[in-house]
Amino acid sequence: MNDSTSRHQTSDPILGCVVGLLIIIGVVMVYSSSAVVAGEKYNDPYYFLKRQMLWVFIGFIALRITRSMDYRLLEKFAYPILFGAFLLLIAVMIPGLGKEVGGARRWLTLGGANFQPSEIAKIAIIIFIAKSLVKRSDQLKNFAYGYLPNVIVLGFFFVPILFQPDFGTALIIGVVALLMLFIAGIRTRFLAYSFLAVIPLVISAVTGAEYRMRRIFAFLDPWQDPSDTGFQAIQSFYAFGRGGIWGVGLGDGSQKLFYLPEAHTDFIFSVIGEELGFIGAVFIVILFGTFIWRGFAAALNAKDPFGAHVAVGITLLIGIQAFINMGVAIGLLPTKGLTLPFISMGGSSLVVLMMSAGVLLNISQHPVKK
Amino acid sequence: MSKKKTASNSDMPESFTSRLGIIFSFFAVFALALCVRLSYLQISQHDILSAQSEKQYQLTVKIDYGRGQILDRNGTPLATNLETESIYASPQIIFDKEKTAQALSKSLGLDLASLRKKISSKKQFVWIKRKCTFAEAENVRQLGLAGINFVMEHKRFYPKRELASSVIGFVGMDNQGLSGVELRHHSYLKGFTQLKIMEKDARGRSVSSFDSANANKGSRDVRLTIDEVIQFTTELHLREQVEKFHAKSGFAVVMDPYSGEILALANIPGFNPNQYMSYKPSTWTNHVVSSSYEPGSIFKPIVASAILDKGMIQPEETFFCENGSFKFGRTYIREAANHRFGDLSLKEIIAKSSNIGSVKVAQKLGEENFYDYIKRFGFGEKTGVDLPGESGGQLKSLEEWSQRSIASISFGQEIGVTPLQMVSALSAIANGGRLMQPKIAQAIMKDGKEIKVFPSRAIKRAISPKASKKMTDILKSAVKDGTGKNAILEGYDVAGKTGTAQKMDPETKSYSETGYIASFIGFVPAESPRLAILVMIDEPKEKHWGGTVAAPVFHKIAKQVLRYLNVPSSKEQVFILDRA
């Protein structure tokens with residue numbers, strides 16, 4: 001719209017530094033935690049490093065684009081994006097297209113690369129909710145017009161996601177959407193009702209699948225069954241314990257070798273805890289805390305309500321994922337297959353994350369002080 | 001959080017900032033919780049968790065290393081150890097499980113499916129193949145597979161192969177005693193060592209080492225009463241005769257009658273304990289202690305000893321032997337080979353092995369006395385020898401005796417005795433009347449020194465020395481003038497008794513016309529016996545008389561063993577006396 005002025009604006013430097021640091025730490029830790037395994041498995045210690053760097057490169061280009069484009073385009077194309085994301089989720093359900101990994105069909109293969117449509121769905125929902133909130137800003141106290149349409153769209157998305165099944169993503173999307181609505185000023189009552197309505201569903205979903213039950217029991221008492229379900233949790237505790245205050249040193253961790261499953265993805269925080277110690281782990285917590293702080297600040301300072309809502313959504317999405325991942329690694333939450341944003345080894349998901357970060361940086365832009 | 005509110009989003013509701021603040025404080029609280037939990041795990045639990053994680057990098061596997069040797073009475077090893085390599089896997093550090101399983105399957109010839117299963121297991125340690133040949137270990141080493149490692153183990157080795165195999169027994173894969181002395185004296189023999197396996201370097205190579213502090217902590221040797229030379233001689237002559245008469249099997253025991261020490265114990269056919277799995281399990285049985293047989297005529301000395309000990313007859317008293325047919329109850333008792341004897345003295349009854357005579361003696365003795373002496377000689381109960389799987393034989397209690405039992409038992413039917421019980425009873429007659437407990441282990445040794453000696457033990461007195469002396473005279477004449485002439489030794493007086501027992505046909509429950517056990521029991525020199533010997537040959541073909549089939553084996557064994565033990569013959573004694 002006003003391209004000439006935005007060129008003289010600068011995005012939040014703290015937010016930019018935080019994202020940059022997280023990505024750099026990610027590249028280093030992915031290499032540290034995967035080198036031995038990659039060497040044994042692929043005869044190339046740099047196997048995962050190379051891939052991570054490639055995705056960071058692609059992600060960086062995506063970030064540059066989303067940071068400098070006019071984010072209002074997202075508002076304009078909110079419905080096509082939403083529809084496209086929904087179609088991709090449906091495509092996963094089609095046996096020939098969706099790729100099944102470990103009993104769950106979550107992936108689409110596109111030009112040799114796998115990606116999860118649910119990653120795009122997360123962003124699409126955030127954009128949709130933001131647009132919806134702007135559109136209905138004067139009806140937020142109205143259940144039927146202000147609240148219900150959002151929940152109906154959410155419900156439509158839950159069907160293919162739970163079909164995969166991907167309980168974790170459904171939970172994240174639901175929490176992020178509801179928190180966006182809450183912050184935007186929806187009546188707390190509406191949220192409370194939906195919450196009460198969802199509880200039985202959550203309980204049946206948790207108790208319905210045995211592996212979810214076991215995950216939860218393992219979290220409550222990992223020592224009960226150290227050879228099976230509780231194994232991951234215990235190995236993660238060992239990693240943190242071994243790290244002590246200062247860590248055993250970058251690259252010198254032992255737990256990542258054979259004991260921590262998915263050391264370069266789901267349990268990368270444990271590797272950080274072992275190699276960089278309490279100091280390193282707390283630094284990561286602080287980085288994500290800062291990210292949330294600056295993300296919310298961007299929302300408060302946003303030029304328009306749509307930007308504010310999108311900023312809230314993206315901050316919540318990344319912040320919640322990060323805190324859940326860290327909470328799982330140190331045994332505060334049940335084991336959940338979530339990655340640590342920006343840090344964990346990731347392919348297309350990293351690109352989506354960096355795109356989101358670009359949007360957030362874009363929103364954080366404000367005129368340079370005169 | 002930034003509190004300043006810019007004009008740009010003034011169209012946001014009032015609650016936006018406050019609700020954002022609420023959510024942000026949730027994050028802040030959770031971030032604080034993360035830090036608290038991190039400080040708990042990383043600072044206060046640092047030592048405990050580090051120690052626990054170290055433990056899982058180290059794995060301790062119990063391996064029986066340095067199992068004690070089994071030695072003969074002169075210290076010759078009968079069971080010892082060989083160093084061999086075993087291959088194990090640490091499944092957690094094997095990445096390419098399929099490739100590893102296939103490579104191992106190919107070079108060791110093991111089942112691929114079971115290897116896959118082993119390598120995919122969640123354990124930190126699984127055996128792939130234990131106690132490999134040198135070539136097998138070398139082939140696998142050449143493959144250089146990650147997570148596949150080697151450890152030295154001790155494999156049991158029996159240098160004398162079949163020799164005394166039924167006594168020594170054998171061990172399983174973990175060197176656990178499974179039979180014989182290996183089983184019975186396992187608590188002394190078992191080695192003790194822990195193997196420490198440590199995942200040492202980042203490439204997942206494991207390093208294993210013995211816990212040197214515990215090495216050789218066990219390792220005590222067992223010295224047997226068996227004499228390798230006597231054992232060899234016994235097995236040699238027994239095997240010769242078993243083969244010559246195409247017999248099913250043969251047993252022999254050589255015992256020191258005074259101490260109960262078993263100098264030789266042979267089961268033919270035996271097995272090679274180095275490859276016991278390739279023999280039929282039935283060949284592993286030590287029949288001398290575990291199986292009982294109807295003894296037949298070799299049991300007659302028991303009834304004779306009893307009546308002598310009781311003093312119920314005069315030396316010249318005779319028994320009328322009914323001219324070979326004695327109606328006893330509803331059945332007739334006849335003599336072997338249809339002999340017809342008239343009046344026989346006790347000595348003649350034994351020498352000629354008269355069935356009717358034995359019955360008459362038993363009748364005179366009476367059921368109760370007879371039963372009492374059977375028990376005194378140790379029949380019907382285990383001898384207590386230190387070998388596993390001992391049978392007590394079959395002796396009916398007095399209440400179970402039928403009217404005919406006293407007659408049948410008097411010539412060795414209707415009673416089951418183990419060859420070891422028989423030779424113990426014989427030793428009691430030989431040694432002046434004391435029933436000795438047979439023994440196979442003489443001492444426990446450590447570093448060549450005796451740390452425990454098993455003393456000889458008299459169980460009870462069977463008969464008086466006087467009765468023993470009289471019985472010896474009778475048994476001497478049974479050899480010299482009776483059925484045992486083939487046992488006569490030049491220069492030594494032999495006391496002995498032949499036996500030819502018809503085997504009970506398990507199907508018809510009647511005595512077989514073709515299946516016999518030919519046996520001979522005897523001791524030598526008769527006046528101060530050094531050896532009590534039993535020979536039993538099971539189902540010899542063509543000939544079946546104890547005097548023909550079993551007595552010659554006694555003769556050959558006794559002759560060589562007496563010379564080996566430098567037992568002076570009567571000629572030598574005369575020579576010595578002349579010099580004096």
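Trainee: What makes β2(A) and β3(A) paired strands?

Mentor: In this predicted model, β2(A) and β3 (residues 104–110) of chain A share four antiparallel bridges. Two strands pair if DSSP finds at least two bridges between them, so β2(A) and β3(A), with four, qualify. Among the facing residues, A:Glu100 stands opposite A:Arg105 in β3(A). Strands are DSSP runs of E with at least two residues, helices are runs of H or I with at least four, and both are numbered from the N terminus.

Trainee: Why are β2 and β4 of chain A called edge strands?

Mentor: The open, antiparallel sheet has the order β2-β3-β4 in chain A. β2 (98–101) and β4 (113–115) of chain A each pair on one side only. Its twist averages 45° from one strand to the next. For angles, axes are lines fitted to C-alpha atoms (for helices, over the stretch in contact), and the angle between N-to-C directions runs from 0 to 180 degrees.

Trainee: How do you know that α5(A) packs on that sheet?

Mentor: Helix α5 (residues 78–93) of chain A touches β2, β3 and β4 of chain A, where contact means heavy atoms within 4.5 Å. The direction of α5(A) makes about 110° with that of β3(A).

Trainee: Good to know! What makes α11(A) mostly covered?

Mentor: Buried means under 20% relative accessible area, exposed means over 50%, and partly exposed is in between (1.4 Å probe, protein chains only). In α11(A), 13 of its 14 residues are buried. Across chain A, buried residues make up 56% of the 370 residues.

Trainee: How long is α11(A) from its first C-alpha to its last, and what is expected?

Mentor: Helix α11 (residues 230–243) of chain A reaches 20 Å, close to the 20 Å expected at 1.5 Å a residue. That expected span is 1.5 Å times one less than the number of residues. Just after α11(A), A:Gly244 takes a positive phi of about 60°.

Trainee: Over to chain B. Why do β10 and β19 of chain B count as edges?

Mentor: The five strands of this open, antiparallel sheet run β10-β9-β21-β20-β19 in chain B. β10 (262–268) and β19 (495–504) of chain B have a single partner strand each, so one side of each is left without a neighbour in the sheet. Neighbouring strands here are turned by 10° against each other on average, direction ignored. Inside the sheet, β9 (residues 249–255) and β21 (residues 531–538) of chain B pair over seven bridges, and B:Ser249 has B:Asp538 as its bridge partner.

Trainee: What makes a space a cavity and not a pocket?

Mentor: Both come from a 1 Å grid over the protein atoms alone: a cavity is a set of points where a 1.4 Å probe fits but cannot get out, while a pocket is an open set with protein on both sides within 12 Å along at least five of seven lines. Lining residues have an atom within 4 Å of a point. The largest cavity has a volume of about 90 Å³, and α15(A) gives the most to its lining, four residues. The second largest pocket has about 830 Å³, with 33 lining residues. β19(B) supplies the largest share of that lining, five residues. Volume is the space filled by probe spheres set on the points, which are joined across faces, edges and corners.

How values were computed
Residues numbered from 1 in each chain as written. Chains lettered and ligands numbered in written order. Predicted model: local features only at pLDDT ≥ 70, side-chain atom pairs only at ≥ 80, totals over all residues. Heavy atoms only, no water.
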